[in-house]
2 protein chains.
Amino acid sequence: MNSIINDIEIIKSETTKIHDVDFDNLAFGSVFSDHMLECNFKDGKWQAPKVVPYQAISLDPSAKIFHYGQSVFEGMKAYKDANEDVYLFRPLDNFNRLNISAKRLAIPELPENYFMDGLKALLEVDKEWIPKQDGSSLYIRPFIFASGNGFHASPANEYKFLICTAPSGSYFSGKVKVLIEQTYSRSANGGVGFAKAGGNYAGQFYPTQLAVEKGYQQVIWTDDTSHEYIEEAGAMNIFVRINDTLITAPTSDRILDGITRKSIVELAKAEGIDVEVRKLSVHEVVEAAKNGSLKEMFGAGTAAVISPISGFGYKDEDFELPELEETFASFLKKRITDIQTNKVEDPFGWRYKLD
Amino acid sequence: MNSIINDIEIIKSETTKIHDVDFDNLAFGSVFSDHMLECNFKDGKWQAPKVVPYQAISLDPSAKIFHYGQSVFEGMKAYKDANEDVYLFRPLDNFNRLNISAKRLAIPELPENYFMDGLKALLEVDKEWIPKQDGSSLYIRPFIFASGNGFHASPANEYKFLICTAPSGSYFSGKVKVLIEQTYSRSANGGVGFAKAGGNYAGQFYPTQLAVEKGYQQVIWTDDTSHEYIEEAGAMNIFVRINDTLITAPTSDRILDGITRKSIVELAKAEGIDVEVRKLSVHEVVEAAKNGSLKEMFGAGTAAVISPISGFGYKDEDFELPELEETFASFLKKRITDIQTNKVEDPFGWRYKLD
Ligand SMILES: Cc1ncc(COP(=O)(O)O)c(C=O)c1O
Ligand SMILES: Cc1ncc(COP(=O)(O)O)c(C=O)c1O
């Protein structure tokens, strides 16, 4: 596709907030860089993207985003290596997934160069916002929402595609204790679970609050028909290690096709780890916990990369996982982070250098 | 609950758009009245509601509504009778359902007087906007969305509750041909289908587009496990008449508890019609269509009240419904509309007079 990078209009902010930011103590996704990418869909097509100062958005109260949840998003990161070179990780996969999500939500798909060149132009302008600190990165949030007006329950005729960025610290919050959900569900067969659609997240908040009240930090979603198969964690895919085999559920129309998940599957295989992508029943995990063959569980997603699980609750019973010296979780996390941040060779071609 | 109606601050619009509106040719939900109710949740509580000029809303790009679909809404109508008295229809049911939806979406529930008195204050200010024309009404859209900021996938700390209104003509669009869906689904067991959550609507747009391409106007949703049970139409509940029995599916966590639906059930019973609230299989409806016992199908919801169905598609076969002289649909629609608009007695206590 044609590059449009030199045609992207750039309207620079007259001030910068960068001096207020303590890059050594960054939280996650709560401080935003000076600029954003803005691109509007109207008159039947996506208009030229622009880099503009990060600023409030003004919408009519009848804008469809407020009523019908027509929105999709992505989550990705930019890293700076020791030379201050900037890298993305498999960005075309995020672009493709954004369009897969958009299609399911009846949102017009984006041209690849609007996404990729728009992102590059934005990162060039806000290069100083990409943290150099080890473990830190620039969290990137591309999103599209229905900005067109009217109370008809039908797709909007106008949309906004924005990319905002937030310098973020390493997402370490210790091990998490999870609840294997037996009442609520995240997604339906034939639904939108495979899409990064806004509504999928709001629907998880209440069941997660209930789990938190019971002493868990996160919910592991199961299929909505039987609650017998482990699906994902709602913002992370799930891996289970039984003896020395790493198992993760196949993606489906209910499960997001996580980029971290598929990278881990490839990486683990390349490292000689026995990997199985197959349906994983709660029964099997509980049995493995009981007989001691359950060694590890962890979540995998862009924000935390890998998030180890200390134990799980299932039907009023709690199961603890062993404390191992050497875990697949920490080994794989280091491998993938080293690739992302250009500390090691990248035999997979995942790293994407910006120039 | 205490009335707060005299404490509601009213900021009047300096201009009016009412003279631009042709009340004899109103469409649905596309012209908005001069004012709106606005109420903000912050610092852990709902702040006092205000009537303000209908105006754009300004939000940070990180506002959670754009990312996590945290929003719920209601749909109701105000009617003017021949004396210019104004009536609502079962408004407390809308209020209660809004809070049921809010709770499931982890949105703080509203106090009853904020909703009811806020609505009354708004309708008083915009009284002239309530159409007098037969078949017309003021469509009322209460909604709540997450206005708090941040990329964390967690409930927002700030929300906006707004009520906007739109004078609307009668929602007549002829009979509709529907597709009984066998691939896509609207909601999951244990999901948010019973809530009027924004995301439920966006998820329907794409499957509906596919149905429209095949020559249908709407989708009839079935359960996501077997696609064998008829659920609802996505903005309407569904009734089927087999011989002289009127059947509708029981509500569940996948089906919205429609106010029109439950009013029709009560009304039909009071009129001596045989009504069954029970699971309704596609198989049964197809058999009834084949043997001629299927007399009618119709949707029921606030916007159209009752929307008759001319035929349905199921697995590549089309079934036509008979053209009857006297239908339950038109009989019940007249009964309910006459009650709503104060043309007849209301033995049920559904009509709610504003003073
Ligand atoms: C529902 C869901 N599952 C899984 C993931 C992990 O996907 P990825 O590794 O691409 O970040 C995410 C987060 O992006 C998610 O939102
Ligand atoms: C999903 C859904 N089902 C049914 C209905 C009908 O409900 P009511 O009769 O309360 O308008 C609506 C519309 O409000 C709806 O959105």
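## Around ligand 2

Ligand 2 has 16 residues around it, and Lys196(B), Tyr201(B), Glu232(B), Thr260(B) and Thr302(B) come nearest. (A residue is near a molecule if one of its heavy atoms lies within 4 Å of it.) This is a predicted model, in which local features need pLDDT of at least 70 and side-chain atom pairs count only at pLDDT 80 or more, while totals for chains, interfaces and linings use all residues. Residues are numbered from 1 along each chain as its sequence is written, chains are lettered from A and ligands numbered from 1 in the order in which they are written, and side-chain values use heavy atoms, with hydrogens and water left out.

Now for some atom pairs. Lys196(B) has a polar side-chain atom 2.6 Å from an oxygen atom of ligand 2, and for Arg97(B) an N or O atom of the side chain sits 2.8 Å from an oxygen atom of this ligand.

## Around ligand 1

Oxygen atoms of ligand 1 turn up in several pairs. Tyr201(A) places a polar side-chain atom 2.4 Å from one, Thr302(A) has a side-chain N or O atom at 2.6 Å, and Arg97(A) has a polar side-chain atom at 2.8 Å.

## Where the chains touch

Chain B and chain A each bring 58 residues to their contact (heavy atoms within 4.5 Å). About 4900 Å² is buried between them, and carbon and sulfur atoms give 65% of that. Buried area here is the accessible area (1.4 Å probe) that two parts lose on being put together, summed over both. On the chain B side, Phe66(B), Phe151(B) and Phe205(B) lose the most area to chain A, together 16% of what that side buries.

There are 22 residue pairs in polar contact between the two chains, both residues at pLDDT 80 or more. (A polar contact is a pair of N or O atoms within 3.5 Å; within protein, one must be able to donate a hydrogen and the other to accept it, and residues adjacent in sequence count only if both atoms are side-chain atoms.) As for elements, α4(B) gives the most to the side of chain B that touches chain A, with nine residues. Helices (H or I, at least four residues) and strands (E, at least two) are DSSP runs, numbered from the N terminus.

## Strands across the interface

Strand β5 (residues 57-59) of chain A pairs with β5(B) in the antiparallel sense, over three bridges; strands pair if DSSP finds at least two bridges between them. Ser58(A) has Ser58(B) as its bridge partner in β5(B).

## Salt bridges

Over all chains the count is 38 salt bridges (a side-chain nitrogen of Lys or Arg within 4 Å of a carboxyl oxygen of Asp or Glu). Across the interface of chain B and chain A, though, there are zero.

One salt bridge joins the side chains of Lys50(B) and Glu9(B), at 3.9 Å from N to O. This pair links distant parts of the chain, 41 residues apart: Lys50(B) is in strand β4 (residues 50-53) and Glu9(B) in strand β1 (residues 9-10) of chain B.
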